[in-house]
Amino acid sequence: MNPPASIDTTAALLAEQNYVADRQLATAVFLALKLRRPLFLEGEPGTGKTEIAKVLAAGLRAELIRLQCYEGLDVNSAAYEWNYARQMLEIRLAEASESARDQLAEGLFTGRFLIERPLLRALLPHAVPPVLLIDELDRTDEPFEAYLLEVLSDFQITIPEWKTIKATEPPVVIITSNRTREIHDAVKRRCIYHWVDYPSAARELEIVRRKVPDAKEALSMQIVAFVQKLRQMDLYKLPGVSETIEWSRALLALDAVALDADTVTNTLGVLLKYQDDVGALTPEVAAKIVADVQAEGIKL
Ligand SMILES: Nc1ncnc2c1ncn2[C@@H]1O[C@H](COP(=O)(O)OP(=O)(O)OP(=O)(O)O)[C@@H](O)[C@H]1O
Ligand SMILES: [Mg+2]
């Protein structure tokens, strides 16, 4: 793989896929590619962590291999599994002949009977090193994190019954976490760490421009200014970039040309997902924010 030559080309590669990165994120991605280190992205929900892996795969023309983490995720689902059913079947078939039995005994724990799961698949040879997305690592438990250490530091997996499989060229690894719990230092130390924050107004406007190109500029500006103001409120769950994009699409579908208190109140469910938060944004509060947005415009 030819990694981008500079931070600017990295930012351009992301922008080509309609991903608007700030300088810090572009630097982190550039370094991860250049130094071949995993990139650890932590941040609020809906701020573009998972998307980075998708756009990198598209931009680098590489396969995206995704490991979605969940509680109880184990090696059998994440790395590899022996195909016991096939082993049993072939043992039965070989029972008749002594030579077949001996041959089978030697080959029972080799690639033929191995089911490759995402981690192992990412280490096998590819024309272009794949992008391995380990999504929402904070959902797994600590034993799994410990298992990951070998993959992350040496790009290899040891299969005790068979052999150690090492990548000839390391995959691009992106790990995301919503920080519902702290990930162990040992994992983070092997990675380049970046905190993905909510975007500035200017960057969020650029994201809306790219993701909802049909929205009128004046409306997009009001949407972004409104969401930026919501993020200063004391809400249980602040809207992420995905909510801004969804809201823009919703308002576009409703043929809105400008924000008004009624439209905001009627479409709050696109922005806020908790009843307490929806309750806090009474029509009066919504009207006040809309008035402020119209008076102040957007601060870029
Ligand atoms: N900087 C950005 N440029 C372009 N699109 C973005 C950006 N940030 C977020 N988005 C868009 O916002 C949406 C949510 O992004 P994504 O799913 O990557 O968030 P996330 O951080 O992984 O969220 P979660 O923690 O909920 O999984 C996607 O549709 C993505 O395209
Ligand atoms: Mg995600």
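**Figure 1. The shell around ligand 1 in the predicted model**. Ligand 1 has 19 residues around it, each with a heavy atom within 4 Å. Gly46, Lys49, Thr50, Glu51 and Lys211 are the closest. By class, the shell holds six nonpolar, seven polar and six charged residues. Here Ala, Val, Leu, Ile, Met, Phe, Trp, Tyr, Cys and Pro count as nonpolar, Asp, Glu, Lys and Arg as charged, and the others, Gly among them, as polar.

**Figure 2. The pocket and the elements at ligand 1**. Ligand 1 takes up the space of the largest pocket. A pocket is an open set of points on a 1 Å grid over the protein atoms alone, where a 1.4 Å probe fits, with protein on both sides within 12 Å along at least five of seven lines. A molecule sits in it if more than half of its atoms lie within 2 Å of its grid points. Helices α3 (49-60), α10 (201-211) and α12 (241-253) each give two or more residues to the shell. Helices are DSSP runs (H or I, at least four residues), numbered from the N terminus.

**Notes.** Residues are numbered from 1 along each chain as its sequence is written, and ligands from 1 in the order written. Local features need pLDDT of at least 70, side-chain atom pairs 80 or more, and side-chain values use heavy atoms.

Terms used
1 Å grid on protein atoms, 1.4 Å probe; cavity = no way out; pocket = protein on both sides within 12 Å on 5 of 7 lines; lining within 4 Å.
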